[in-house]
Amino acid sequence: MAAAGQGGRSGGGGGGSGAGGGYSSGTGSGRSGLLDKWKIDDKPVKIDKWDGSAVKNSLDDSAKKVLLEKYKYVENFGLIDGRLTICTISCFFAIVALIWDYMHPFPESKPVLALCVISYPLFILSMFVCFPLNRIRTYFVMMGILTIYTSYKEKSIFLVAHRKDPTGMDPDDIWQLSSSLKRFDDQYTLKLTFISGRTKQQREAEFTRSIAKFFDHSGTLVMDAYEPEISRLHDSLATERKIK
Amino acid sequence: MVRAGVVGTQLPTSGLDIFGDLRKMNKRQLYYQVLNFAMIVSSALMIWKGLIVLTGSESPIVVVLSGSMEPAFHRGDLLFLTNFREDPIRAGEIVVFKVEGRDIPIVHRVIKVHEKDNGDIKFLTKGDNNEVDDRGLYKEGQNWLEKKDVVGRARGFLPYVGMVTIIMNDYPKFKYALLAVMGAYVLLKRES
């Protein structure tokens, strides 16, 4: 247990004890030097502890880091890429409307304008259906009830990763991370979902902790306290697999 | 450890770091920030264009700039317009029209209408608070307005709300500063 923790700390590089084990090479050559100064991936994460969204983002990012670096899973960008493309396409509709209206002043441009104005929200709605970030919202949209009410309790998926099967025969297992942190609340819930590639069965594990357990008074995320929780979550799902 | 020291002295990492959120992002997240900004602008644009299509008027929401329609409308009131072709223009109605050669629309009341059988009309307008009719405002030699000059007919109004637009037009630097701050906030802050 202790050895695994140590391994995680030096691997994650986020520990407060700056061993300085950086990944980006500090060679100081011109362009990579500039990039090094810009990227602050390896420095301990320090945020404003009163800013709820910054807290949630840093906890999510660190959980992602643990899964990707310690367990060497590969992130699957399908969901995210899909959303980005759909949003880009809807912006295209807006640009088309703008340019068309500029070139053919209003009354003549009415049909094109109407088409663009209708397609813009339709595309965005389709994004919620095709690339859902959680299951509950898909249900609502499909039922035709557009809830603008942001359900604080809904957890949104922020990481889809897969582990390539070493034998190359079975389809990949999928790990999903989702989390929630209510506004002005200190209870952070992290849920890890494991979908077996072979049996297509799904198992979940989650924990809810106060964010005060992971951040010190200056707003620095203490990986020594956070990383074991993630590992424990992961191992609880992984060991079940071995038993079966 | 040496490298960490070099980074520390050459870039401010304490105090106000407005790029703090951006520096922790990968390419996709950076693209999402830009996309988020574009989506907000596009949504506003689509709502405006949608209103244009719905009401049939090229400027469905206008602000009253002068006091020529008091006591009905005061400077700073917001007006909602529609411009459906089937609606007849009758004396007594309040219309917003544009005079050829000027780009600021005028809000006044129709006082005289001549209508042909095929629907062509000529009408004369006057502000409620003015002494004379608007012939002095029309183009040189023009005595009547036609349907094509109409931007829309007033259907509803909100008092005082338009003062914000008037202030922003009188102090354009304030408008640009406000837009720049809002734009920077959306681009630089990472949302959850």
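A:Lys200 counts as exposed at 59% relative accessibility, where exposed means over 50% relative accessible area, buried under 20% and partly exposed in between, computed with a 1.4 Å probe on protein chains only. The model is a predicted one, in which local features need pLDDT of at least 70 and side-chain atom pairs count only at pLDDT 80 or more, whereas totals for chains, interfaces and linings use all residues. Residues are numbered from 1 along each chain as its sequence is written, chains are lettered from A and ligands numbered from 1 in the order in which they are written, and side-chain values use heavy atoms, with hydrogens and water left out.

**Backbone features**

A:Lys200 has a positive phi near 60° although the residue is not a glycine, and A:Lys72, also not a glycine, has a positive phi of about 60°.

In chain B, the peptide bond from B:Glu70 to B:Pro71 is cis, with omega near 0°, and B:Pro71 itself is placed in the loop between strand E1 (61-63) and strand E2 (78-82) of that chain.

**The domains of chain B**

An automatic or database domain assignment gives chain B a domain 1 (22-55) and a domain 2 (61-159), and the C-alpha centres of these domains lie 36 Å apart. Contact, defined as heavy atoms within 4.5 Å, involves 4 residues of domain 1 and 5 residues of domain 2. The area buried between them, that is, the accessible area (1.4 Å probe) that the two parts lose on being put together, summed over both, is about 300 Å², of which carbon and sulfur atoms give 61%. Between the two domains there are 0 salt bridges, a salt bridge being a side-chain nitrogen of Lys or Arg within 4 Å of a carboxyl oxygen of Asp or Glu.

**Chain A as a whole**

Chain A contains 7 helices and 5 strands, which follow the pattern α-α-α-β-α-α-α-β-β-β-β-α along the sequence. Of its 244 residues, 38% count as buried, and among contacts in chain A between residues at least 6 apart in sequence, 53% join residues at least 24 apart.

Conventions. Helix = DSSP H or I, 4+ residues; strand = E, 2+ residues; numbered from the N terminus.
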